[in-house]
Amino acid sequence: MKRVVVLISGRGSNLQALLRAARIERWRETLNADIVHVISNRPQAPGLAVAREAGVSTEVVDHRAFPSRAAFDAALATAIEAHAPFLVVLAGFMRVLTRDFVQRFNGRLINIHPSLLPAFPGLATHRQALAAGVRFHGATVHFVSVELDGGPIIGQAVVPVRLDDTEESLAARVLQAEHRLLPTCVRLLLEGRVRLQADRVAADVDVAQQLALAAL
Ligand code: GRF
């Protein structure tokens, strides 16, 4: 079975979208795949309850308990490897990972970022978008590379920016798009129709078309 491990730090709405897609699309039966474990670096993350309610095992690897970034990442890697994942999904995981960690999971590690990368990497992406005055904004799912928010792009979802948008209204619109984008990208990876090959995304499918179908 293709095992998926999801890493979170907070609310867990993207995790919820993944769990919902796995249930509705019956990933276990149709893809021989399942979300098997959720790890949070924050003990209070509401997303842990989301996982538990879906019957998925949870674990906290609290970064504050480790003397260094490298020590935390080593413990995190061990916790992940215990589940022999085909795919590791960073779904609102708010820690920068070390080079060693990223290289260890190269090709199996993806992230969702709330902007149309390479625009607006880092934090406060909706504020950055409003300040820049862009008319379109969105979210990106990408393979994680050593460059922060800089890995090969798998898929993107675009939303309009309205003239009266606040950070909150824009964030809500982007989040809705994220909840379609992430499950679709994960499904394509589980199907083997999208993969990382020589540091580039290779696909046997039109990802943009798949995303457009998911938006219907
Ligand atoms: C999302 O906007 C995601 O793109 C970003 O962090 C947020 C996590 O939200 N990386 P949630 O925990 O999935 O609700």
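## R28 and its neighbours

Leaving out residues up to four places away in sequence, R28 touches M1, A33 and D34. Contact here is heavy atoms within 4.5 Å. This is a predicted model, so local features need pLDDT of at least 70 and side-chain atom pairs count only at pLDDT 80 or more, while totals for chains, interfaces and linings use all residues. Residues are numbered from 1 along each chain as its sequence is written, and side-chain values use heavy atoms, with hydrogens and water left out.

R28 sits in helix α2; helices (H or I, at least four residues) and strands (E, at least two) are DSSP runs numbered from the N terminus. With a relative accessible area of 52%, R28 is exposed. The scale runs like this: buried is under 20% relative accessible area, exposed is over 50%, and partly exposed is in between (1.4 Å probe, protein chains only). R28 and M1 are 27 residues apart in sequence, yet 8.1 Å apart in space, C-alpha to C-alpha. As for D34, its side chain joins that of R28 through a polar contact of 3.0 Å. A polar contact is a pair of N or O atoms within 3.5 Å; within protein, one must be able to donate a hydrogen and the other to accept it, and residues adjacent in sequence count only if both atoms are side-chain atoms.

S40 lies in strand β2, residues 33-40, and is buried, with a relative accessible area of 0%. A polar atom of the S40 side chain is 2.7 Å from the backbone oxygen of R42.

Setting aside neighbours within four places in sequence, S40 is in contact with I8, S9, A45, L48, E59, V60 and V61.

The protein chain splits into domain 1 (1-105) and domain 2 (114-216), with bounds that come from an automatic or database domain assignment. Taken over C-alpha atoms, the two centres are 19 Å apart. Domain 1 puts 22 residues into the contact and domain 2 puts in 15.

The size of an interface is often given as the accessible area lost when the parts come together. Between domain 1 and domain 2 the buried area is about 1,600 Å², and carbon and sulfur atoms give 79% of it. Buried area is the accessible area (1.4 Å probe) that two parts lose on being put together, summed over both. On the domain 1 side, N14, L31 and V102 lose the most area to domain 2, together 28% of what that side buries.

## Who does the touching

Across this interface the rule finds 4 residue pairs in polar contact, both residues at pLDDT 80 or more. Which elements give two or more residues to the side of domain 1 that touches domain 2? They are β1 (2-8), α1 (13-24), α2 (27-31), β4 (87-90) and α5 (99-104). With 5 residues, α1 gives the most.

By type, that side of domain 1 divides into 15 nonpolar, 3 polar and 4 charged residues. Ala, Val, Leu, Ile, Met, Phe, Trp, Tyr, Cys and Pro count as nonpolar, Asp, Glu, Lys and Arg as charged, and the others, Gly among them, as polar.

Side chains of opposite charge can pair when their charged atoms come close. A salt bridge is a side-chain nitrogen of Lys or Arg within 4 Å of a carboxyl oxygen of Asp or Glu. The structure holds 10 of these, and the rule finds 1 across the interface of domain 1 and domain 2.

R187 and E25 meet in a salt bridge at 3.3 Å, N to O. R187 counts as buried, at 16% relative accessibility. R187 also forms a salt bridge with E191, where the closest N and O atoms are 3.4 Å apart. E191 is partly exposed, at a relative accessible area of 30%. E25, R187, E191 and R193 are linked in a network of salt bridges.

## E81 and its two arginines

E81 pairs with R104 in a salt bridge of 3.3 Å, N to O. E81 lies in helix α4 (residues 69-81) and R104 in helix α5, so the pair ties together parts that are 23 residues apart in sequence. E81 is partly exposed, with a relative accessible area of 28%, and R104 also counts as partly exposed, at 41%.

R108 forms a salt bridge with E81 too, with the closest N and O atoms 3.7 Å apart. This pair links distant parts of the chain, 27 residues apart: R108 is in the loop between α5 and β5 (109-113), and E81 is in helix α4. R108 is partly exposed, with a relative accessible area of 23%.
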